[in-house]
Amino acid sequence: MHFTETAARAAAHGAAFGAGKAAGLAALLHDVGKYSPDFAARLEGGKTRVDHSTAGAALVLELATGNDRLIAEIISYAIAGHHAGLPDKRGESLAALSDRLTGFSHARLDPVWREELAPDASGLLPAFSWEPPPAREATHREVEASRARLAFQFAFLGRMLFSCLVDADFKDTEAFYGRVEGRQLEREWPALQTVLPGLLAAYERRMGDLRNSNSEVNSVRSAVLDHVRSRAGEAPGLFTLTVPTGGGKTLASLGFALDHARIHGHRRIIYAIPFTSIIDQTAEIFRDILGAAVVLEHHSAIDSGRLRREEARMADSDAASRDKLKLAMEDWAAPVVVTTNVQLFESLFAARPSRCRKLHNVAGSIIILDEAQTLPRPLLAPAVAALRELAANYRCSIVLCTATQPALDADRFPAGHPVGLPLAGRELAPEPQDLARKLRRVTLRFAGEMDDAALVAALMDQSQGLVVVNSRKHALALYRSAQAAGLDGAVHLSTRQHAVDRRAILAEIRRMLMEGRPCRVIATSLVEAGVDLDFPKVWRAEAGLDQVAQAAGRCNREGRRPLEESIVTIFTAPDHPPPSEIKSLSGDLGRMADKHEDLLSPQAMEDFFGEVYWRVGPEGLDKEKILSRFRMGPGRGGIETDFAYRTVAEKFRMIESGMKPVIVANTPEAWSIVDRLGVETIPSGTLARQVQPYVVQVPPQARIALMAAGHVAFHAEKLRADQFAVLVADSLYRPDVGLLWDDADYLRPEQWMV
């Protein structure tokens with residue numbers, strides 16, 4: 001029976017974080033609305049639409065009493081949203097939970113449901129580390145903060161129960177149709193604990209190769225690795241790993257995760273990376289060490305042609321393994337998952353079933369946040385709240401891994417501040433201050449103003465160098481100036497180019513550097529976070545200290561050059577002033593320069609972030625008011641919730657550029673995807689994921705101008721409406737410069753006629 005089988009699946013999912021009974025009850029009641037004459041008539045061919053979700057949402061509230069009533073409240077959201085997504089409690093939409101519950105009537109149900117399902121709504125409250133009541137002497141701000149944290153805990157549990165329910169519902173339905181059709185989908189991945197001995201042996205072999213190198217940098221990396229792994233026995237929870245760029249953070253964090261999982265029994269390792277531009281290299285490292293059969297790479301571009309290359313890495317690249325990869329992206333069942341911050345955090349705040357299905361599998365994981373300083377500042381407070389909750393109640397260990405630690409230790413913040421994690425004594429690296437001194441490989445210089453002519457002249461004197469600027473407009477202008485000056489080996493890199501071309505350009509840059517050829521790269525900040533490049537000199541337009549430090553990580557990365565010759569020059573660009581926020585961060589950096597002799601030291605970085613957080617205030621760390629959208633308070637039935645799940649999902653966007661996409665189909669593979677836009681049976685969501693590697697984001701007005709000039713047009717508009725804007729003027733895109741939307745009014749179609 002679908003009810004009981006789904007309940008058993010959901011209960012097993014929820015057991016991973018101590019909420020098996022609540023998850024099972026949600027699944028048992030999710031379709032109780034089907035006990036109605038209207039639904040029976042629909043099964044016999046009736047056309048009347050039947051809302052079968054509201055009944056269970058209403059009945060679970062009637063069944064529970066006492067403390068269980070509050071858990072029943074959050075189960076109610078999950079049941080009501082198991083098809084359309086988690087609802088808001090209140091609002092103008094007809095989908096608001098309160099309005100749906102008000103309209104429910106018992107008369108629509110056959111009372112036999114109670115006998116057949118026999119629901120038990122007792123003992124639902126899991127034994128969590130719930131936020132304690134505020135002390136008697138607490139200030140008003142502390143009381144409000146405590147209430148907000150408790151509300152967030154319950155809301156987070158509601159989303160996790162929703163994950164258990166919708167994944168169980170999907171899988172039970174899938175299994176039913178599999179039996180009917182005589183087919184079986186290959187979903188099973190090996191459990192991490194089962195394959196862990198082999199993974200550790202493979203890892204040890206690779207680290208043995210590293211230790212055989214006698215370079216000074218590798219000696220320091222080995223010492224870091226040994227110290228980090230020696231901390232694996234620490235109690236699960238939150239950790240920091242503060243290692244300068246090039247100090248071996250990636251391999252050290254993987255070693256810690258494998259050892260920590262062996263000791264504490266974690267279920268999987270999730271490695272989250274800030275940008276898709278660097279996820280490839282990390283996923284490839286993990287596959288190379290651990291084997292492709294245990295590593296799932298999941299991000300927005302993986303469903304394209306790269307999925308086919310990923311499938312080829314599987315031991316058996318037949319149809320079953322292809323299905324297995326695609327299905328694993330839905331539920332993250334693989335032992336090792338390499339993903340992006342966008343996938344991880346937007347899922348943690350999502351409302352749609354498809355985005356939330358995987359969340360129950362996050363419980364019991366080791367989560368490594370690479371380049372943790374890149375968490376968007378306007379969403380930092382809700383992101384920190386989610387990390388705190390995962391560590392406190394979902395058996396997760398979380399490693400904030402970066403060269404520029406974002407100073408999130410709770411001791412730095414006043415009581416009641418929304419940001420702050422219990423990080424005291426949880427640093428995995430050996431003496432970060434001393435380590436920074438040992439791995440110091442650059443000298444910072446402040447040059448004041450440098451216009452484009454001065455930058456080109458500086459590159460003329462240096463056969464290999466990197467200039468990082470603050471905008472795509474400046475990068476293109478400087479590149480054109482370099483070309484006009486006849487600069488050999490000039491390379492332009494920005495998000496004017498689509499992801500496929502950027503990957504090719506980065507590969508060519510690495511070859512140029514390795515072969516000693518002239519290589520003068522002009523780039524935006526996309527080159528900074530985790531991109532493995534090593535230049536003798538770097539120039540960085542004024543920015544925050546964290547960005548300066550990341551740019552410095554591209555200079556003398558392997559420590560082969562003298563410190564005094566490895567110069568990172570910070571300059572101001574008189575003709576290209578930075579955006580206001582970067583200007584403010586540059587001001588924060590200036591204040592640090594008066595306090596610290598070594599601006600790249602961990603102490604300077606900690607003070608810098610403290611300065612930034614003080615300047616923007618709590619409101620600037622939760623710009624969309626995410627945390628205040630989860631509220632609890634007295635009601636007619638006791639404590640009641642007012643959670644705005646759907647609104648939060650819409651507001652929590654880690655990449656909110658305000659830009660508009662243009663598809664640049666400059667390869668046969670890209671055109672094959674564009675051609676499929678006209679195939680009605682392929683969902684738009686699937687096509688959007690497939691085409692993403694060929695998308696360039698442009699300002700809205702620029703896209704309007706491109707379309708008005710006939711350079712861009714919506715493809716398959718009758719079928720897809722205005723979802724897919726495709727570049728039709730090939731002359732406006734070249735791999736070296738990207739998309740030239742600035743020339744939108746240039747060369748209108750009628751001017752091409754001969």
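**Exercise 1.** In which helix does Val180 lie? Then work out whether Val180 is buried or exposed, and which residues make a nonpolar surface patch with it.

*Solution.* A quick reminder before we start: this is a predicted model.
- Step 1: go to helix α8, which spans residues 140-181; that's where you'll find Val180.
- Step 2: check the relative accessible area, which is 57% for Val180. The cut-off for exposed is over 50%, so Val180 counts as exposed.
- Step 3: look for its partners. Phe176, Tyr177 and Val180 make a nonpolar surface patch of about 310 Å².

**Exercise 2.** Find how many cavities of 30 Å³ or more the whole structure has, then describe the lining of the largest one.

*Solution.* 
- Step 1: search the whole structure, and three cavities of 30 Å³ or more turn up.
- Step 2: list what's around it. The lining has 22 residues, and Pro244, Thr245, Leu439, Ala549 and Leu600 lie nearest the centre.
- Step 3: sort the lining by class, which gives 13 nonpolar, six polar and three charged residues.
- Step 4: ask which helices contribute. At least two residues each come from α18 (432-438), α22 (545-552) and α24 (602-620); α22 gives the largest share, three residues.

Methods: Residues numbered from 1 in each chain as written. Predicted model: local features only at pLDDT ≥ 70, side-chain atom pairs only at ≥ 80, totals over all residues. Heavy atoms only, no water. Patch = residues over 30% accessible without salt bridge, like charges linked within 9 Å, V, L, I, M, F, W, Y side chains within 5 Å. Areas by Shrake-Rupley, 256 points an atom, 1.4 Å probe, with all protein chains shown as cover. Salt bridge = Lys/Arg side-chain N within 4 Å of Asp/Glu carboxyl O. Helix = DSSP H or I, 4+ residues; strand = E, 2+ residues; numbered from the N terminus. Buried < 20%, exposed > 50% of the residue type's maximum accessible area, 1.4 Å probe, protein only. 1 Å grid on protein atoms, 1.4 Å probe; cavity = no way out; pocket = protein on both sides within 12 Å on 5 of 7 lines; lining within 4 Å. Points joined across faces, edges and corners; volume = space filled by probe spheres on them. Nonpolar A, V, L, I, M, F, W, Y, C, P; charged D, E, K, R; others polar.
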